[in-house]
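This briefing concerns the structure shown below.

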Amino acid sequence: MTQYAFHFDGTRCTGCKTCEMSCKDYKDLSVGIAYRKVYEVTLGETKKADDGTFTTDCVSYPLSMACNHCDDPSCTKVCPTGAMHKDAETGLVSVDKDKCIGCGYCHMACPYNAPKVDRAKGHSVKCDGCAERLAAGQKPVCVEACPARALDFGTVEEMKKTGDQANIAPLPEKTYTNPNFYIKPSKDAKPASDASAKVVNPLEVM
Amino acid sequence: MLDTKLSRRTFLKTTGALGALAAAGGSVAAADSLFGADVPAALAETEETTTWGHCAINCPGRCALKFHVKDDEVTWVDTHTSPDAGFDDPQARACLRGRSYRRWMNSPDRINYPMKRVGARGEGKYERISWDEAIDTAASKLKEVIEKHGNEAVYVPYATGVSATTARPFNRFLNLVGGFLNRYGDYSTAQITAITPYMYGAKGGSGSSLSSGEDAKLILCFGSSPTETRQGGLTTHYDWVHMRERTPAKIYIIDPRLNDSAMGHSEEWLPINPGTDAALVAALGHELIKNGQTDEDFLHTYCVGYDEETMPEAHKGKNLSYKDYIMGTGYDKVEKTPEWAAPITGISAERIRSLADEIATTKPLYVVQGWGPQRRSNGEWAAWSIMALPCLVGQVGLPGTSNGCREARNSPTLQSLPAGTNPIKDSISCFVWTDAIEHGEDMGAKDWGVRNTDKLKSNIKYMINYAGNCLTNQHSDINKAHEILSDESKCEFILGIDTVMCDSMNYSDIVLPDLFRFEQHSQIATGSDWGYVITGTPATTPKFERKSAYEMASMMAERFGVKDKFTEGKTEEQWIRELYDKSREKDPKLPSYEEMQEMGVYTRAYPHTVALQKFREDPAGNPLVTPSGKIEIFSEKLLKDTEGWKLTEGDTLAGMDTLPGIPAYIPEWEGVESTTKEHPLMLSGFHYRGRIHSSWGFIPELKEVNPQEAWINPADAEPRGIKHGDKVQVHNDRGKIELLAKVTPRVVPGTVAVSQGAWWDGDKKSGKDGVDKGGSINTLTTQRPSPLAKGNPQHTNICDVKRA
């Protein structure tokens, strides 16, 4: 098997959401569903002293993430029908919509907010790594869309060369699912274990 | 062929008798028995094709769009990209908005037919009519206004929804029928455009390219967010990310917000109070002068008005130099020490001193400004001050420097549809047209900056608003604009042309349905560090009764008997080709038109551009187009041009009755020094990811992930009981808007930041007592123009915020 992985360059990403919207157009997704989302992490304070002058230790950084096509996916483990499955050739995790009963366990189990039940379609939906594009020698639509060239996709061996595995906040410990997501962190990025680094744009990503 | 693998869900989704019949009887057999041997055309598999097009909205990105089309419908929108592209490879990748075009072009709100207004102006009630009736009405009303009031009563308001080489056909038409009232300046750059020629001359108004920042050691960005203002993959978003990765320079972004360009690199943020850049520069100048760190050779060789020695003869001995202003020996006689600037700017005296020291000791220094600092009541002087800073240390015209203007843009040059000559020379600032509707005949040169005439000859009576939302939404004081426009006795007729009914369109008397540029032949040249040209063919046939603006203007011309003069016998595509071929004669490196169509996107590399390089090398041989041929830090011409101007309180420094001829700090009308008990906070706008100005402002998928928010610091939110995500009202004397609170340390205390361009959504009958639930900042901005440019000071506001 050739396991594929995403790469995210946190030093380049500016949080513009072109990745997210290109995916929504290509996959024809409507309001309420996004396969890739952009999280804003902001912490610190900007204060004004009595003399009217500012001090700041504010830190803010974006994280663009879709499905991490984990080695040990929690979504496939909890799926009661086997609809959620990991491809033997590419390691990409996707939903067999004919088997899915829309129970939403995958949505609840995934620590990366990837699968969601599309109630209009009646089954779970998520990033499939643009498997058909991959087969045609292309990269996922989000990767080829990025104006800042902050995303990449390739074999896990390639992606590992310039990134560490899912190591920044607000991501959970990588040991849970062994995600295929490699990151070059920005100066601002906090380690995955830092509980103070929270997502501040829940409305945009839930 | 039809899919024979029928799933349970597909079956359930199949509705109607034919579907059930096909499923039960076997699809081919059933279809055969009903319709004959051939598969009906509607069911035949059609090939997907791709066409190139370009974004045409008011963003210099104008990125490439690659439309995937099947059955004359766009299935998805790709861009100029490839799987193996490296970081350095130029690809004009569309931003999130470009990738959402399908939602706009297929929107149920798309205008399909000509319409006439059947309700009150602004009410938005329309009825479908024929093209003949629409054009007859618009043309006969135009004839009537011209006969009664003259061509000076006809106006084409600032409107930027469509850009291409042939995107201005209405100006050409109007010039053939006697012309129209001109305008100068624009809503993006009014103040900096007005001031820059005084300092750098008519041709010196551009900075170095962003790529030149790669050669710098220190980069100061005043009020700039290259990623948010131009988001595409071969415009400043990409250029910024690319330059930052390549440069060894330390970067500071001086801004009231930690804007998106600093995300991930938050140490770059130097927070400042809005509207106070000139005060910061004055205090930095004070330190440089005091410590003997100014480049006196440069200032004495290349500049006028820095100190007494370089003042123009007529102004010597009066303590009118910039140095006199800074050191407190002239003007307001206040020494501009860091302690003076600290409470104004919000930057501590200690930090101003350390920054001055960095500026003095780190070379090359690259100073650049966005257009935020200038879109203010004191914007002309803010922009001028930022330009003066690199001059103080001689960091102009050398590799790795810039001149303090906005970064340069490179682009191949393409000719545009000739507009002809406007017989009318009278001109107003683009921002004061609402006044010209109300009392144009009272407006003159010395009070309203009217040009080429002492007084306007007529109030504005007829307007053609093509692809513009500047009548209300993107103008200022929406409630006041509504009052003026809704009175049909004032501006008697408005012809509106667009793809959807934005708020401004609701004032049209006749509405015409436009095509996107990618639904017709189109070409555009643009660029930033890289230059590029995009050549598009129609993605689909025109749907419903939509027509191109060129066709509409031709029809208007026909009613005036000037159609042949207008078209010169050419279709729009023929014009595009002819204009391109002419451009190619001057630039033979450009490929043929056919090749351009085939490749879609043509890119061209440019070297790092350095502003004023030739002037620096040889100031006598390559003088600037200023009266002295030098950089003018004191402008005698500005004083002369504005002699006798009627000023309003706050337009100039306290105690002066003329505008200052140096880049002084003028406190804003509504700013850090003039908040009130009732309105204790400043309110400033910014560009948002999900829109360019108001374009795309109605697309649900974009609104969902780019909610309209008021950025407010926890220090201001907490005492008001406001929590992150609460619905709040931002209000001042001009109105109220309702939106969500983004409680964040990314904005300085004392300032609320609201992204500009959200679609106004309220009840116009209630006027300023009503609530704009769209959250358009222009419900709260003023129509008072800035002192010199008579431009829009839309970031200069005070307000308060409460929970809704």
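Predicted model: local features only at pLDDT ≥ 70, side-chain atom pairs only at ≥ 80, totals over all residues.

**Salt bridges within a chain**

- A:Asp152 is joined to A:Lys139 by a salt bridge in which the closest N and O atoms lie 2.9 Å apart.
- In chain B, the side chains of B:Arg244 and B:Glu268 form a salt bridge with an N to O distance of 3.5 Å.
- B:Arg244 lies in helix α9 of chain B and B:Glu268 in the loop between β9 (250-255) and β10 of that chain, so that the pair, 24 residues apart, links distant parts of the chain.
- B:Arg244 is buried because its relative accessibility is 9%, and B:Glu268 is buried because its value is 4%.
- The side chains of B:Arg604 and B:Asp587 also meet in a salt bridge, at 2.9 Å from N to O.
- Here too distant parts of the chain are linked, the two residues being 17 apart: B:Arg604 is in strand β19 (residues 601-604) of chain B, and B:Asp587 is in the loop between α21 (572-586) and α22 (593-599) of chain B.
- Both partners count as buried, B:Arg604 at 12% relative accessibility and B:Asp587 at 13%.
- Over all chains, the count of salt bridges comes to 65.
- Side chains of opposite charge can pair when their charged atoms come close.

**Interface of chain B and chain A**

- The contact involves 68 residues of chain B and 62 residues of chain A.
- About 4,900 Å² is buried between chain B and chain A, and carbon and sulfur atoms give 52% of this area.
- Eight salt bridges are found across the interface.
- One salt bridge joins the side chains of B:Glu267 and A:Lys187, with an N to O distance of 3.0 Å.
- Polar contacts across the interface of chain B and chain A number 32 residue pairs, with both residues at pLDDT 80 or more.
- On the side of chain B that touches chain A, the elements giving two or more residues are β3 (73-78), α4 (101-105), α9 (236-246), β10 (269-271), α13 (338-345), α25 (700-705) and β24 (735-743) of chain B.
- That side of chain B is made up, by class, of 28 nonpolar, 24 polar and 16 charged residues.
- A network of salt bridges links A:Lys17, A:Glu40 and A:Glu204 with B:Asp260, B:Arg689, B:Lys742 and B:Arg746.

- Helix α7 (residues 190-200) of chain B is largely enclosed by the rest of the structure, because nine of its eleven residues are buried.
- The buried residues of α7(B) are B:Ala190, B:Gln191, B:Ile192, B:Ala194, B:Ile195, B:Thr196, B:Tyr198, B:Met199 and B:Tyr200.
- Their cover includes β12 (365-369), α15, β20 (631-632) and α24 (636-641) of chain B.
- Just after α7(B), B:Gly201 has a positive phi of about 85°.
- B:Trp384 is placed in helix α15 (residues 379-392) of chain B, and it is buried, with a relative accessible area of 0%.
- Beyond its neighbours within four places in sequence, B:Trp384 is in contact with residues including B:Ile195 and B:Met199, as well as B:Glu632, B:Ile633, B:Ser635 and B:Leu638.
- Among the other contacts of B:Trp384 are B:Pro660, B:Gly661, B:Ile662 and B:Pro663.
- The C-alpha atom of B:Trp384 is separated by 21 Å from that of B:Ile251, which is 133 residues away along the chain.

**Paired strands in chain A**

- Strand β1 (residues 4-9) and strand β12 (residues 181-184) of chain A pair in the parallel sense over four bridges.
- Within β12(A), A:Tyr182 stands opposite A:His7.
- Strand β11 (residues 164-165) of chain A pairs with β12(A) in the antiparallel sense, over two bridges.
- A:Gln165 likewise stands opposite A:Tyr182 in β12(A).

Definitions and conventions: Residues numbered from 1 in each chain as written. Chains lettered and ligands numbered in written order. Heavy atoms only, no water. Contact = heavy atoms within 4.5 Å. Buried area = accessible area lost by both parts, 1.4 Å probe. Salt bridge = Lys/Arg side-chain N within 4 Å of Asp/Glu carboxyl O. Polar contact = N/O pair within 3.5 Å; in protein donor to acceptor, adjacent residues only side chain to side chain. Nonpolar A, V, L, I, M, F, W, Y, C, P; charged D, E, K, R; others polar. Buried < 20%, exposed > 50% of the residue type's maximum accessible area, 1.4 Å probe, protein only. Pairing = 2+ DSSP bridges.
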